[in-house]
Amino acid sequence: MIKKIISVVLSAIITAGFCGCASSGVAENSGSASNPKIASTSVAICQILDKLEYDNVVAVPETATENMPERYKDLPTIGSPMTPDYEKIKSISPDMVLSPKSLESSLSQDYTSAGLSSAFLDLSSVQGMYDAINSLGELLDRKPQAEKLIDDYNSYMAEYKTDSAEKSVLILMAFPDGFYLVATENSYVGNLVELAGGKNVYGKDTSGDENGFVSINPENIVQKKPDIIMVFAHYNEESAFKYMKEEFKSNSAWQYYDAVKNDNIVYLPSKYFGMSATLDWKESLDYLKPVLYGE
């Protein structure tokens with residue numbers, strides 16, 4: 001019964017940026033319609049659940065960061081966000097597994113094959129995250145907590161001011177194993193730069209992948225002439241940034257960029273800039289303002 005109720009609720013709120021898939025092989029367990037047992041594969045989702053004051057979380061991802069909420073620090077771990085341990089999740093018998101929508105294409109079928117109900121939160125933008133928070137408030141009977149978070153977001157954005165002189169920005173996501181992707185405005189970091197008042201040279205109309213990234217050679221983007229190049233790491237920040245610094249130095253194509261010649265390259269810390277939206281987004285905007293406007 002719990003599985004059917006959750007599936008109905010998810011179907012009703014898909015348009016709010018919260019997508020789910022339910023499998024027919026999930027066993028009923030001790031959860032309830034308003035208090036389902038949740039396994040989270042994302043630290044960002046754990047932080048949201050913590051702010052919603054939700055206690056019925058039964059498993060969390062393995063993480064090397066210190067960002068796991070105290071509420072969940074002693075819970076069983078179920079592998080990394082990109083490669084969760086399906087057998088371990090099954091042994092815990094959650095009512096639902098929550099993951100970022102950016103991983104839906106790689107995880108959805110595996111959840112279904114494992115007989116696990118799952119849902120994917122749209123964390124590709126700050127607005128998308130708050131749409132997901134609204135949906136979680138409905139699903140988990142945490143409407144007051146969700147409304148408080150949403151009100152705080154709306155108040156902050158109503159007062160947030162950006163400089164009228166936009167600077168054009170090229171955003172690159174670096175991988176430690178020797179390549180990079182261009183982040184469009186449809187990516188989370190692209191969304192942050194847009195909110196901070198920067199102009200991404202690859203806007204929303206750029207045809208990228210489902211997470212807002214595209215592979216483009218420097219020879220093909222030289223005409224974009226960005227004022228600033230921003231780099232963030234997909235993982236292993238130290239190695240990823242080391243690779244990009246060598247790329248800018250050794251690949252002659254980059255020498256045509258004024259941003260490279262003038263050393264207008266900014267390396268964004270993983271603490272605030274990653275694949276998915278987090279509740280640290282205000283700190284991310286605070287970090288970007290002096291980068292864009294020299295304040």
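**A walk through the fold, from core to pocket**

Leu49, Tyr130 and Ile133 touch the most other members of the largest nonpolar core, which has 56 residues. Helix α5 (residues 126-139) gives the most to this core, with seven residues. Apart from it lies another core, of 23 residues, including Ile216, Ile229, Ala240 and Phe241. A nonpolar core here is a set of buried Ala, Val, Leu, Ile, Met, Phe, Trp, Tyr and Cys residues joined through side-chain atoms within 4.5 Å. Buried means under 20% relative accessible area, exposed means over 50%, and partly exposed lies in between (1.4 Å probe, protein chains only). In soluble globular proteins, nonpolar side chains tend to be buried together.

This is a predicted model: local features need pLDDT of at least 70, side-chain atom pairs count only at pLDDT 80 or more, and totals for chains, interfaces and linings use all residues. Residues are numbered from 1 along each chain as its sequence is written, and side-chain values use heavy atoms, with hydrogens and water left out.

Now step back to the whole chain. It has eleven helices and eleven strands. Both are DSSP runs, numbered from the N terminus: helices are H or I with at least four residues, strands are E with at least two. Of the 295 residues in the chain, 52% are buried. Take the contacts with a separation of 6 or more: 64% of them join residues 24 or more positions apart. Contact means heavy atoms within 4.5 Å.

Go next to helix α2 (43-51). Seven of its nine residues are buried, so α2 is largely enclosed by the rest of the structure. The buried ones are Val43, Ala44, Ile45, Cys46, Gln47, Ile48 and Leu49. They pack against β2 (38-40), β3, β4 (96-100), β5 (118-121) and α5. Leucine 49 touches Ile38, Ser40, Tyr54, Val57, Tyr72, Leu98, Leu136 and Leu140, not counting residues up to four places away in sequence. Look at the two ends of α2. Serine 42 caps the N-terminal end, with a side-chain oxygen 3.2 Å from the backbone nitrogen of alanine 44. That is a polar contact: a pair of N or O atoms within 3.5 Å, where within protein one must be able to donate a hydrogen and the other to accept it, and residues adjacent in sequence count only if both atoms are side-chain atoms. Just after α2, glutamate 53 takes a positive phi of about 60 degrees.

Helix α7 (residues 188-195) is also mostly covered, with six of its eight residues buried. They are Tyr188, Val189, Gly190, Asn191, Leu192 and Val193. These residues pack against α5, β6 (168-175), β8 (199-200), β10 (228-233) and α11. Just after α7, glycine 197 takes a positive phi of about 105 degrees.

What lies at the start of α7? There, a side-chain oxygen of serine 187 reaches to within 3.0 Å of the backbone nitrogen of glycine 190. Serine 187 sits in the loop between β7 (179-183) and α7. It is buried, with a relative accessible area of 0%. A polar atom of its side chain lies 2.7 Å from the backbone oxygen of threonine 184. Leaving out residues up to four places away in sequence, serine 187 touches Ser124, Asn211, Gly212 and Phe213.

Leucine 268 lies in the loop between β11 (265-267) and α11 (281-293). Is leucine 268 buried or exposed? It is buried, with a relative accessible area of 0%. Its contacts beyond four places in sequence include Val189, Phe241 and Tyr287. Leucine 268 and tyrosine 287 are 19 residues apart in sequence and 8.7 Å apart in space, C-alpha to C-alpha. Aspartate 85 is in the loop between β3 (57-59) and α3 (86-92). This residue is partly exposed, with a relative accessible area of 35%. Its side chain reaches the backbone nitrogen of lysine 88 at 3.0 Å.

Finish at the largest pocket, with about 1,000 Å³ of space. Of its 33 lining residues, the closest to its centre are Pro81, His234, Gly274, Met275 and Ser276. Helix α2 returns here, giving the most to the lining, with three residues. A pocket is defined on a 1 Å grid over the protein atoms alone: it is an open set of points where a 1.4 Å probe fits, with protein on both sides within 12 Å along at least five of seven lines, and lining residues have an atom within 4 Å of a point. Grid points are joined across faces, edges and corners, and the volume is the space filled by probe spheres set on the points.
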